[in-house]
Every structure is written in C-alpha cells, then in structure tokens.
Amino acid sequence: MSIRIPPEPPEGASWRSFMDVAFQEACKAAKVGESPIGAALFDMDGTLIASAHNQPISLNDPTGHAEVLCLRKAADRLKNYRLTNTIMAVTLEPCLMCTGALIHARVQGVIFAARDTRAGALVSNLDGHALPFTNHKIWTIEGVMGEECSGLLKRFFLERRK
C-alpha cells in the first residue's frame, strides 16, 4: 500500500513545473481539436518519464485519454506495467477509467489542476484514491495551475460552441 500524504516536490523542482509539462500537452490537444487535457508522468526525482494529451477522436479510441496514453508510453519506456514511485500531473481531475488505470499502474501520487464536477473520480464524484476494495492508495494535490488549465478548457469549449 502506498502513502497517502504527498511528499515535497523533488529538490530543484516544483509541482508547478510538473504541471507546466501537462499544460503544454493540453495545448497540443487543443490545436488538433481534441479536448485540451494533458498528462505527464515523473519519477520521484522529478525526471520526466512520459507525457501525452487527449486523443480519443484522432485515435478512434474511447480510452485515448491523456492519462491512459501517458501510462502506456511510460510502461513501454520502463518495460514494466507497474509504475511505482511515480507522480502524474494532469490538467483535469481524472475520470473513473483513468483513476482505475492509475491505481492498477501503482502510481504514487496525482497532481491535478482543475476539478471535473461532471466526471471527476478522485475527489469530485468519488473518493477514488481511497476506494476500500483497492490494495493501492494514491495521494493527491489539487489546484496547481488551476486557473490556467480551467481557462484553457473554457476557452476551447466556448470556441467550439460558436
């Protein structure tokens, strides 16, 4: 079972620097017409392992969420489906599917920028990091770059509605 208390950022890094990488991925998604959500996975020393952005439309894949694609890239890079001692930064609170993937991958912690009141499954609609039937618990930090990330989402969807 993993810790539920978030550690301090690695020396020389900040949680904002982690989120900056995820935010850049979200901007890539927006440019190609995908929902602007980005994710980045780091080791406990702050080294970037993988990053990805939402691509369910372009990949014709309902599982093409930023978190899942990032986990796939990281698992491939590390040659291991267990991604222990890692931290994910994501611009929007993970959904139920992504929360499940994070738990199964054994990610240590998740930093997310904005809550997803519609589908969020870490804090908004479900206490996903403390499900009693899972054998892995994830710590969370929310609100890092919250205004920037939620602003990007709002602008994207306002533009699409025009």
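N60 is placed in the loop between helix 2 and helix 3, where helices (H or I, at least four residues) and strands (E, at least two) are DSSP runs numbered from the N terminus. Phi of N60 is near 50 degrees, a positive value in a residue other than glycine, and at 71% relative accessibility N60 counts as exposed; here buried means under 20% relative accessible area, exposed over 50%, and partly exposed in between (1.4 Å probe, protein chains only). The structure is a predicted model, in which local features need pLDDT of at least 70 and side-chain atom pairs count only at pLDDT 80 or more, while totals for chains, interfaces and linings use all residues. Residues are numbered from 1 along each chain as its sequence is written, and side-chain values use heavy atoms, with hydrogens and water left out.

A positive phi, near 55 degrees, is also found for K79, again a residue other than glycine. K79 is placed in the loop between helix 3 and strand 3 and is exposed, with a relative accessible area of 68%. Just after helix 1, G33 takes a positive phi of about 85 degrees.

The chain as a whole has 5 helices and 5 strands, which follow the pattern α-β-β-α-α-β-α-β-β-α when read along the sequence. The radius of gyration of the chain is 15 Å, close to the 15 Å that the globule rule gives for 162 residues, so the chain is as compact as a globular protein of that length; the radius is taken over C-alpha atoms, and the globule rule is 2.2 Å times the number of residues to the power 0.38. Along its principal axes the C-alpha trace spans about 45 × 35 × 30 Å. Buried residues make up 51% of the 162 residues, and residues 24 or more positions apart account for 60% of the contacts with a separation of 6 or more, a contact being heavy atoms within 4.5 Å.

Helix 1 (residues 15-31) has 17 residues and reaches 25 Å from its first C-alpha to its last, close to the 24 Å expected at 1.5 Å a residue, where the expected span is 1.5 Å times one less than the number of residues. The buried residues of helix 1 are W15, F18, M19, A22, F23, E25, A26, C27 and A29. These residues pack against strand 1, strand 2 (48-53), strand 3 (86-92), strand 4 (109-114), strand 5 (139-142) and helix 5 (146-161).

Aromatic contacts were assigned for rings of Phe, Tyr and Trp (its six-membered ring), which pair if their centres lie within 6.5 Å; planes under 30 degrees apart count as stacked, over 60 as edge-to-face and the rest as tilted. By this rule the count comes to 4 aromatic pairs. The rings of W15 and F18 have their centres 5.3 Å apart and their planes at 85 degrees, so this pair is edge-to-face. Both residues lie in helix 1, 3 residues apart, about one turn of the helix; W15 counts as buried at 12% relative accessibility, and F18 is buried with a relative accessible area of 1%. The rings of F18 and F42, with centres 4.0 Å apart and planes at 20 degrees, are stacked. This second pair links distant parts of the chain, since F18 is in helix 1 and F42 in strand 1 (residues 38-43), 24 residues apart, and F42 counts as buried at 4% relative accessibility. Ring pairs link W15, F18, F42 and W139 into a cluster.

The UniProt annotation "binding site", from an unreviewed entry, covers H65, C95 and C98; UniProt positions are given in the numbering used here, feature names are shortened, and annotations may be inferred rather than shown by experiment. The annotated residues span 34 residues in sequence, yet no two of their C-alpha atoms are more than 9.2 Å apart, so they gather at one spot. The lining of the largest pocket includes H65, C95 and C98; on a 1 Å grid over the protein atoms alone, a pocket is an open set of points where a 1.4 Å probe fits, with protein on both sides within 12 Å along at least five of seven lines, and lining residues have an atom within 4 Å of a point.

H65 lies in the loop between helix 2 (56-59) and helix 3 (66-78) and counts as partly exposed at 22% relative accessibility. Not counting residues up to four places away in sequence, H65 touches N54, C95, M97 and C98. C95 is placed in the loop between strand 3 and helix 4 (96-105) and is buried, with a relative accessible area of 14%. With residues up to four places away in sequence again not counted, C95 touches H65, A119 and A121.
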